[in-house]
Amino acid sequence: MSDSGPLLVIVDGANVVGSVPDGWWRDRRGAAQRLRDRLAADGVPGRAGPVEIVLVVEGAARGVDSVPGVRVEAAPGSGDDHMVELVARAAGRPVLVVTADRELRRRVTELGAEVAGPRTVRPV
């Protein structure tokens, strides 16, 4: 992808939250809010320059609000499908998708996105 705009970082909320067994399943919305707040405070470590962060949530995590520095999008259906759509809409722009989901990684790299695992934004 070319460099037309800041790096778009799309974070697979369910996958990143689920990467650490810290009791997230008891409060999925709260876990997504904590991830959102960490992203707003820390950004994407190791990525210089401006970034646009989009946290994609689904299921019980819907209803999490955006905050300065992090836009939260509730997937209307499949979170994976929504993230693929976001990558497709960003054609011509650098995109990083944060997920460990193999199938999602395959789908977005076919569209030119870079991928990174959950540890990129959530140390374990």
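Among contacts (heavy atoms within 4.5 Å) in the protein chain between residues at least 6 apart in sequence, 61% join residues at least 24 apart. The model is predicted: local features need pLDDT of at least 70, side-chain atom pairs count only at pLDDT 80 or more, and totals for chains, interfaces and linings use all residues. Residues are numbered from 1 along each chain as its sequence is written, and side-chain values use heavy atoms, with hydrogens and water left out.

The protein chain has 4 helices and 5 strands. These are DSSP runs, numbered from the N terminus: helices are H or I with at least four residues, strands are E with at least two. Their order from the N terminus is β-α-α-β-β-α-β-α-β. The radius of gyration, taken over C-alpha atoms, is 13 Å. The C-alpha trace spans about 40 × 30 × 25 Å along its principal axes.

Of the 124 residues, 42% are buried. Buried means under 20% relative accessible area, exposed over 50%, and partly exposed in between (1.4 Å probe, protein chains only). The protein chain exposes about 6,200 Å², by the Shrake-Rupley method with a 1.4 Å probe. Carbon and sulfur atoms supply 49% of that area.

Nonpolar cores were then examined. Such a core is a set of buried Ala, Val, Leu, Ile, Met, Phe, Trp, Tyr and Cys residues joined through side-chain atoms within 4.5 Å. The largest holds 22 residues, and V9, V11, L39 and L55 touch the most other members. At least two residues each come from β1 (7-12), α1 (13-17), α2 (28-42), β2 (51-57), β3 (70-74) and β4 (95-98). The most, 4 residues, come from α2. A second, separate core has 15 residues, including L8, I10, V95 and L104.

Leaving aside neighbours within four places in sequence, L55 is in contact with V11, G13, A32, L35, R36, L39, V70, R71, V72 and E73.

The whole structure contains 1 aromatic pair. Rings of Phe, Tyr and Trp (its six-membered ring) pair if their centres lie within 6.5 Å; planes under 30 degrees apart count as stacked, over 60 as edge-to-face and the rest as tilted. The rings of W24 and W25 have centres 5.6 Å apart and planes at 80 degrees, so the pair is edge-to-face. W24 is buried, at 18% relative accessible area. W25 is partly exposed, at 43%.

Terms used. Rg over C-alpha atoms; globule rule 2.2 N^0.38 Å.
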